[in-house]
Amino acid sequence: MRLDVVSIFPAYLAPLDLSLIGKARRDGLLDVRVHDLRDFTHDRHRTVDDTPYGGGAGMVMKPEPWAAALDSIAGQADSRPTLIIPGPGGQRFDQQMARELAGRSHLVFACGRYEGIDERVYQRAARDFDVRIVSLGDYVLNGGEVAALAIIEAVARLLPGVIGNAASLVEESHEDGLLEYPVYTKPDHWQGHSVPEVLLSGDHGRIAAWRHEQRLQRTAARRPDLLPRPAAASAGELNIVV
Ligand SMILES: Nc1c(O)cccc1[N+](=O)[O-]
């Protein structure tokens, strides 16, 4: 997978050199290219923003540098890339979207700053990219870089070979709709707290059953919205008169 990230703060993406993502890059599983948007300006001050038409606070990112950056990336692409623009008004990112994006060969991240990117950039980008506006959640960040890092990690770890033990991807929170079970390691007694006896039993059937029950309980307590909805009741139970 090729990943391009365009930002006015390329150093923000330094974590992509670390840990499993960094190793995947060194192993050739990921081709990650970070671009400084200011390298696509042509004035002495390397200007990327200007005042908003219609007034209002803050600045808007100019279309010309973005068009130059995206044209450069599109011109190098072997296939139609997916352009992900993180923003509060986007489609909520989740594990299902992570799995979908993990199936793409080329992801490009446009990290906006200030009050956002000139709307015409989104429209023009649709010529060369599948454009996806993606939100991590309903809160305000100062730019798209943090979201890009989160999305990249969630997607890249699903790629074959990135996570050493693929089995660890199976019973993770959100992978199958339930939160993950509690985990314990040595010592078996610590500050008055003991590891649940079942985990020391060696009975793999009991352990599996206990872990599944823990997942159900945790999901019900913390994220009841994730639990499967009860099968639709019959019309009579719903007092629906037909
Ligand atoms: N929420 C937000 C933002 O305010 C700015 C950029 C990206 C995001 N987001 O992905 O959630």
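In this predicted model, the ligand is surrounded by Pro 86, Gly 87, Pro 88, Val 134, Ser 135, Leu 136, Gly 137, Tyr 139, Val 140, Leu 141, Gly 143 and Ala 147. By class, this shell comprises eight nonpolar and four polar residues, and charged residues are absent from it. Two or more residues of the shell are supplied by each of β5 and β7, and β5 gives the most, with three residues.

Both strands belong to an open sheet of five strands, which are ordered β2-β1-β6-β5-β7 and paired in the parallel sense. Because β2 (31-36) and β7 (130-135) each have a single partner strand, one side of each of these edge strands is left without a neighbour in the sheet. From one strand to the next, the twist averages 25°. Strand β5 (residues 82-92) pairs with β6 (residues 106-110) over three bridges, and Leu 83 has Val 108 of β6 as its bridge partner.

Two helices that pack on the sheet may be described in turn. Helix α2 (residues 63-76) touches β1 (2-7), β2, β5 and β6, and its direction makes about 170° with that of β1. Helix α5 (residues 145-156) touches β1, β5, β6 and β7, with its direction at about 160° to that of β6.

Conventions. Residues numbered from 1 in each chain as written. Predicted model: local features only at pLDDT ≥ 70, side-chain atom pairs only at ≥ 80, totals over all residues. Heavy atoms only, no water. Pairing = 2+ DSSP bridges. Helix = DSSP H or I, 4+ residues; strand = E, 2+ residues; numbered from the N terminus. Axes fitted to C-alpha atoms, helices over the stretch in contact; angles between N-to-C directions. Contact = heavy atoms within 4.5 Å. Near = heavy atom within 4 Å. Nonpolar A, V, L, I, M, F, W, Y, C, P; charged D, E, K, R; others polar.
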